[in-house]
Amino acid sequence: MAIAKTENIWHNGKLIPWDDACLHVMSHVVNYGSSVFEGVRCYSLPSGPAIFRANEHIQRLVDSAKIYRIDVDFTRDEIVAGMLEVVGRNGVWPCYVRPIILRGYGEAGVNPFNSPTEVYIANYAWGKYLGSDAEQGVDVCVSSWTRIAPNTLPAMAKSGANYMNSQLIKMEAIINGYAEGIALDANGYVSEGSGENVFVVRNGVLQTAPLGNSVLPGITRDSVLTIAKDLGIPVVEQGIPREMLYLADEVFFTGTAAEITPIRSIDKISVGKGTIGAITKQIQREFYGIVGGDKPDRFNWLTPVPVRSKQPVGV
Ligand SMILES: Cc1ncc(COP(=O)(O)O)c(C=O)c1O
């Protein structure tokens, strides 16, 4: 999907024109992948735009920076305020928000300590990620690529470098005609897709991989666990063997982009009846009800964006 440019990008505390948000090719991040970032959704509610789980996303961002020893001049709350400012000023929603912290232009060489930290926040209009048919379920494969192993690249950090692994998974899936690939971890347990956590339902029990299986601590994953517990659906976080993917009654992806996307086949084996399952539907109803404003925001997940006009600009 082409990026639909907006007017402003937040850079180190100030709004700058979209076209001025440029980096030198010799920046540390370009050469060594030294970035951490977030992907956040701003939904359109009848009351106006609202950012989904703003604090949790930016907490994960500052956690990612901490793992990589990146000093950041802004607090979590200041970066959250930056998101509200840029989305409000650009007047574009529903949208995707991309805060990114990176090592900029300073010194040559792998040592990152003498390259300055740059913080940017961009936003742009954004629709469905895995295609408009995704509500019916997507066809996926198990990737031949293994997810990054523990103590190689930290899976709990959302770093740009991790997405080289994700790109291999995604490209293989696309080339073979699938919407997405599911990667196994270094021990052969189900890990995740290139940009999604995976949930499995078997005999009424919802299962997902624990953080020890090299998964990103997904904000949507956490939201689904919260909804499921609230609805009284039994939940376990445990290692999922590959074959469980083929035996499950229901499988679905969760992610900011994918939201809750049912999976209808894996490696051309039908998941359950090959249609969206009852538990997936039940959780989807709650999730989309809350983010669409049809159900009360009972978990306090939505932060309203102050805007000048209730009407988005040019969307
Ligand atoms: C590798 C990976 N796993 C899982 C997820 C889902 O996380 P979240 O629900 O926070 O978007 C993402 C998306 O950010 C991702 O890139």
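**Close-up views of helices, loops and selected residues**

**View 1. Glu 243 in helix H6.** With a relative accessibility of 47%, Glu 243 counts as partly exposed, because the partly exposed class lies between the buried limit of under 20% and the exposed limit of over 50%. Glu 243 belongs to helix H6, which covers residues 242–247. Tyr 189 is also shown: 54 residues separate Glu 243 and Tyr 189 along the chain, and their C-alpha atoms are 9.5 Å apart. This view, like those that follow, is drawn from a predicted model.

**View 2. Confidence along the chain.** The chain has a mean pLDDT of 96, and 97% of its residues reach 70 or more. Confidence is highest in strand E3 (residues 35–37), at a mean of 99, and lowest in strand E4 (residues 40–45), where the mean is 96.

**View 3. Packing of helices H2 and H3.** Helix H2 (residues 54–67) packs on helix H3 (residues 76–90) at an angle of about 125°, and the two axes are 9 Å apart. H2 is therefore oblique to H3. The contact involves Ala 54, Asn 55, Ile 58, Gln 59, Leu 61 and Val 62 on the H2 side, and Arg 76, Ile 79, Val 80 and Met 83 on the H3 side. The crossing of these two helices is right-handed.

**View 4. Helix H3 and the residue that follows.** The end C-alpha atoms of H3 lie 21 Å apart, which agrees with the 21 Å that its 15 residues should span at 1.5 Å a residue. Buried positions in H3 are Ile 79, Val 80, Gly 82, Met 83, Leu 84, Val 86, Val 87, Gly 88 and Asn 90. Among the buried residues of H3, Ile 79, Val 80 and Met 83 also take part in the contact with H2. After H3 comes Gly 91, with a positive phi near 65°.

**View 5. The cis peptide bond at Pro 94.** Trp 93 and Pro 94 are joined by a cis peptide bond, with omega at about 0°. Pro 94 is placed in the loop between H3 and strand E6 (95–103).

**View 6. Helix H5 in detail.** H5 comprises the 13 residues 219–231. The distance from its first C-alpha to its last is 18 Å, close to the 18 Å expected at 1.5 Å a residue. Ile 219, Thr 220, Arg 221, Ser 223, Val 224, Leu 225, Ile 227 and Ala 228 are buried in this helix.

**View 7. Crossing of helices H5 and H7.** The axes of H5 and H7 cross at roughly 110° and come within 10 Å. H5 is therefore roughly perpendicular to H7. From H5, the contact is made by Thr 220, Ser 223, Val 224, Ile 227, Ala 228 and Leu 231; from H7, it is made by Gln 282, Ile 283, Glu 286 and Phe 287. Among the contact residues of H5, Thr 220, Ser 223, Val 224, Ile 227 and Ala 228 are buried.

View 8. H7 has 14 residues, and its first and last C-alpha atoms are 20 Å apart, close to the 20 Å expected at 1.5 Å a residue. Its buried residues are Ile 279, Thr 280, Ile 283, Gln 284, Glu 286, Phe 287, Gly 289, Ile 290 and Val 291. Among them, Ile 283, Glu 286 and Phe 287 contribute to the contact with H5.

View 9. Asn 12 is not a glycine, yet its phi is positive, at about 45°. Its place is the loop between strand E1 (8–11) and strand E2 (14–17), and a relative accessible area of 28% makes Asn 12 partly exposed. Asn 300, also not a glycine, has a positive phi of about 60°. Asn 300 sits in the loop between helix H7 (278–291) and strand E17 (302–304), and is exposed, with a relative accessible area of 67%.

**View 10. Lys 170 in helix H4.** Lys 170 is part of helix H4, residues 162–175. Its relative accessibility is 17%, so Lys 170 counts as buried; the limit for this class is under 20%. Ala 183 is included in the view: Lys 170 and Ala 183 are 13 residues apart in sequence, and 9.9 Å separates their C-alpha atoms.

Terms used:
Residues are numbered from 1 along each chain as its sequence is written. This is a predicted model: local features need pLDDT of at least 70, side-chain atom pairs count only at pLDDT 80 or more; totals for chains, interfaces and linings use all residues. Side-chain values use heavy atoms; hydrogens and water are left out. Helices (H or I, at least four residues) and strands (E, at least two) are DSSP runs, numbered from the N terminus. The expected span of a helix is 1.5 Å times one less than its number of residues. Buried means under 20% relative accessible area, exposed over 50%, partly exposed in between (1.4 Å probe, protein chains only). pLDDT is the predictor's confidence in each residue, from 0 to 100. Axes are lines fitted to C-alpha atoms, for helices over the stretch in contact, and angles run from 0 to 180 degrees between N-to-C directions. Angles under 35 degrees count as roughly parallel, over 145 as roughly antiparallel, 65 to 115 as roughly perpendicular and the rest as oblique. A crossing is left-handed if the near helix is turned anticlockwise from the far one by less than a right angle, and right-handed if clockwise. Contact means heavy atoms within 4.5 Å.
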